[in-house]
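Trainee: Could you show me how to read a structure, one feature at a time?
Mentor: Gladly; let us look at it together.

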Amino acid sequence: MRLDPDAPPAYLKPMKRPILTAPDPRLQQVSTDVETVDSAIRQLVDDMADSMYEAEGIGLAAIQIGVPKRVIVIDLDQKEGNKNPVAFINPKILWASDEMAVFEEGCLSVPEIWDDVERPAKIRAEYLDRNGEKQVLEADGLLATCLQHEMDHLNGVLFIDHLSRLKRSMAIKKLTKAKKLKETA
Ligand code: NI
């Protein structure tokens, strides 16, 4: 997930583990559970964090760098020289509030498109941390939105899939055009 509409689009930046952008069929893949949280998974988490910070994002799912595993990295509180990426492995929503919240979302895989998405305002989720320990978390506000946005990625869903059919097709058109421009640049 991405916050600052004024930052340059992520796909313009060279990265060690580049971020896939829509429409790319890999982004529709359903990711599979991590069986063991080992050093390879921790390396994946570190690579995801690198790509997320390079692209100035606040959240990233592993499939966005082409790895179909149920791993998310989020850092909502980034300050210069103070990075604290939090890994959510095999996350599951245990409870979601009836109360809904609307937030203008953006996505590193959907560059230059921003739109309002309505989701449950509060959730309770369980996940494994980077040491493989089970954690339970209650979230509201931006963290609830961001977790749900990233968990959608694990199921092959982008935030534009929550928009009306017209808005979604306009978004896909814009993304396809941007990709063609990039290829011919
Ligand atoms: Ni996203």
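Trainee: What does the accessible surface of the protein chain come to, and what percentage of it belongs to carbon and sulfur atoms?

Mentor: Before the value, note that this is a predicted model, in which local features need pLDDT of at least 70 and side-chain atom pairs count only at pLDDT 80 or more, while totals for chains, interfaces and linings use all residues. Residues are numbered from 1 along each chain as its sequence is written, and side-chain values use heavy atoms, with hydrogens and water left out. Accessible areas come from the Shrake-Rupley method with a 1.4 Å probe, and for residues only the protein chains shown count as cover. Here the surface of the protein chain is about 9,700 Å², and 50% of that belongs to carbon and sulfur atoms.

Trainee: How many of the 185 residues, as a percentage, count as buried?

Mentor: Buried means under 20% relative accessible area, exposed over 50%, and partly exposed in between (1.4 Å probe, protein chains only). By that rule, 46% of the 185 residues are buried.

Trainee: Which residues coordinate the nickel ion?

Mentor: Donors are N, O and S atoms within 2.8 Å of the metal (3.2 Å for Na, K and Ca), and because water is not among the atoms, sites may look incomplete. In this model Cys107 (SG), His149 (NE2) and His153 (NE2) coordinate the nickel ion at 2.1 to 2.2 Å, with the sequence spacing C-x41-H-x3-H.

Trainee: Are histidine 149 and histidine 153 buried or exposed?

Mentor: Histidine 149 is buried, at 2% relative accessible area, and histidine 153 is buried as well, at 1%.
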